[in-house]
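I opened my notebook beside the model and went looking around. Here is what I wrote down as I went.

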Amino acid sequence: MAGSNYYVDMELFDKTDKLRSKPIAPPELISLPMSQHVGIAATAVVKPSDEVKKGQLIGEAAQNGLSVPVHSPISGKVRSLEVRINSRGKNDIFVLIENDFSSAPCQTNIPYGGDPEDFDAIVAFLKDKGVVGMGGGGYPLYAKLKSLRSITDTLIINATECEPMCSSTFREISENPRHCIDGALMLKKILKPQNAFLVIEKRHEIIGRKLCALSAGELSLKTVSDRYPIGDERQIIKEVLGKEISADSIPAAAGCGVFNIATCSMADKTMKTGVPVIERIVTAAGDCMGEPQNKRVPLGTSLRDLIKNCGGLKQKPYMLVCGGPMLGYSVSNDSAVVAKYTSAVIAFKERNKKAGGNCIHCGRCIKVCPMKLVPFYFERAAKARFKDFYKNLNDVSLCSECGLCTYVCPANVPLNYLIKIAKKRRLTDE
């Protein structure tokens with residue numbers, strides 16, 4: 001791709017790859033948002049003073065539309081239901097549960113016992129267990145599988161790391177290889193593609209070979225460069241198949257199904273144990289983090305409790321980010337909580353580089369854009385509501401928000417932030 005010299009070298013940032021994930025100390029209180037996925041929020045089905053068990057349903061999927069349920073990661077008593085801002089900056093209903101520290105399990109959670117090739121039954125089971133994309137996207141797995149039924153020519157298992165400074169995917173494949181491969185083979189069995197590939201960065205090729213060996217030849221290994229945003233599904237398809245997926249199209253239209261390997265692992269765990277999605281691996285990193293680590297964290301755990309389990313903070317952070325440094329969301333304080341889509345929590349010191357400069361038209365943002373757009377057009381659109389910028393070939397809705405334009409801008413223009421504003425204005429102006 002043009003301008004690849006500007007791409008973010010993942011190895012420059014990864015400091016936690018070799019740190020095995022460890023469970024955090026059980027928090028006294030968890031706060032579960034009902035919206036931990038792309039689509040419509042779940043509806044709380046518990047009330048204050050209700051006793052709940054570990055793995056119990058507390059948020060029911062919306063009846064109509066894209067939605068998955070939410071389950072309790074602990075046993076205890078419901079303290080309250082509150083409206084708060086979630087870690088993606090939106091109003092949400094939170095269920096607050098006080099931990100009784102007994103970890104008493106919900107007895108109705110049992111493994112999948114149906115036909116291993118029954119597409120409808122498996123998809124329904126995965127929906128009931130609240131399985132979503134674990135790479136950071138949070139798209140419900142059941143819906144993605146339904147959209148790919150009978151049209152998948154190529155299955156791609158994405159074992160690349162989602163962003164710099166994140167290690168959650170690598171730790172999942174290192175610590176749970178059997179779950180990763182069995183989950184991938186389950187998807188292959190029900191989607192019935194002609195080809196199936198496991199894609200991993202060159203720096204992790206050795207473990208990629210071990211994973212493919214576990215698949216007994218069912219998956220073919222493909223290695224890709226160690227540079228962000230290679231984990232984006234369009235970039236992977238181009239690297240593996242040599243196909244360009246237009247920005248206004250989706251991989252399914254080209255017969256490609258791309259699934260994060262951590263999602264495969266989570267699907268297999270739920271199938272074999274019956275336990276829904278109630279925890280995940282989170283990378284805690286950044287130059288303010290006391291002890292950068294990978295942690296197995298119950299959903300709804302506050303960043304405060306997570307950080308406390310990682311040696312606290314060296315100093316008050318200038319910015320606290322839920323997710324990776326490129327695609328994550330900054331949060332105002334450490335009361336924000338870990339959700340299904342939280343792959344990392346990063347605490348940054350203040351940089352000398354200050355945002356808010358003016359574009360100098362150097363063209364770097366154009367060179368690095370993986371979607372071949374002209375990002376500085378969108379700065380104008382965000383600032384001036386120029387409708388012509390919305391309707392030309394550089395449609396702002398085609399931007400994947402990877403953040404590379406902001407990363408390389410010598411004028412420190414916050415392009416990714418302005419692009420988000422331009423997208424919202426495009427919807428309201430049309």
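**Helix α4**

I started with the buried residues of α4, and I listed C180, I181, D182, G183, A184, M186, L187, K188, I190 and L191. I kept in mind that this is a predicted model. Then I looked up the size of the helix: α4 covers residues 177-191, which makes 15 residues. From first C-alpha to last, α4 reaches 21 Å, close to the 21 Å expected at 1.5 Å a residue. Just past the end of α4, I found K192 with a positive phi of about 55°.

**The cores**

Next I asked myself which residues have the most contacts inside the largest nonpolar core. That core has 73 residues, and the ones I noted are I58, I97, L126, L145, I157, F259 and L303. My helix turned up again here: α4 gives the largest share of this core, seven residues. I also found a second, separate core of 18 residues, with M371, C405, C409 and L415 among them.

I picked L303 and checked what it touches. Leaving out residues up to four places away in sequence, L303 is in contact with L320, C322, V331, D334, A336, V337, V338 and V345.

**A four-stranded sheet**

I traced an open sheet in the order β3-β9-β8-β5, paired antiparallel. Which strands stand at the edges? They are β3 (29-33) and β5 (51-52); each has a single partner strand, so one side of each is left without a neighbour in the sheet. Between β3 and β9 (residues 91-99) I found five bridges, antiparallel. One to remember: I30 has I97 in β9 as its bridge partner.

I stayed in β3 to look at L32. Its relative accessibility is 0%, so L32 counts as buried. L32 and I93 sit 61 residues apart in sequence, yet their C-alphas are 8.2 Å apart in space. Beyond its sequence neighbours up to four places away, L32 touches I58, V70, H71, S72, P73, I93, F94, V95, I97, L299 and G300.

**Strand β10**

Is β10 (residues 154-158) buried or exposed? Five of its five residues are buried, so β10 is largely enclosed by the rest of the structure. I reminded myself that side chains in a regular strand alternate between the two faces of the sheet. In β10 both faces are covered: T154, I156 and N158 are buried on one side, and L155 and I157 on the other.

Then I looked for the partners of β10. Strand β11 (residues 195-201) pairs with β10 in the parallel sense over five bridges, and I156 has F197 in β11 as its bridge partner. Strand β14 (residues 256-260) also runs parallel to β10, joined by five bridges. There, T154 stands opposite C256.

**Rings and charges**

I searched the whole structure for aromatic pairs and got one. Y112 is in the loop between β9 and α1 (119-128), while F125 is in helix α1, 13 residues apart. Both Y112 and F125 are buried.

Last entry: charges over rings. The charged end of R88 sits over the ring of Y341, 3.7 Å from its centre. The charged end of K144 sits over the ring of F259, 4.9 Å from its centre. I had already met F259 among the residues with the most contacts in the largest core.

Note on methods: Residues numbered from 1 in each chain as written. Predicted model: local features only at pLDDT ≥ 70, side-chain atom pairs only at ≥ 80, totals over all residues. Heavy atoms only, no water. Helix = DSSP H or I, 4+ residues; strand = E, 2+ residues; numbered from the N terminus. Expected span 1.5 Å × (residues − 1). Buried < 20%, exposed > 50% of the residue type's maximum accessible area, 1.4 Å probe, protein only. Core = buried A, V, L, I, M, F, W, Y, C linked by side-chain atoms within 4.5 Å. Contact = heavy atoms within 4.5 Å. Pairing = 2+ DSSP bridges. Phe/Tyr/Trp six-rings, centres within 6.5 Å; stacked < 30°, edge-to-face > 60°. Lys NZ or Arg CZ within 6 Å of the ring centre and 35° of its normal.
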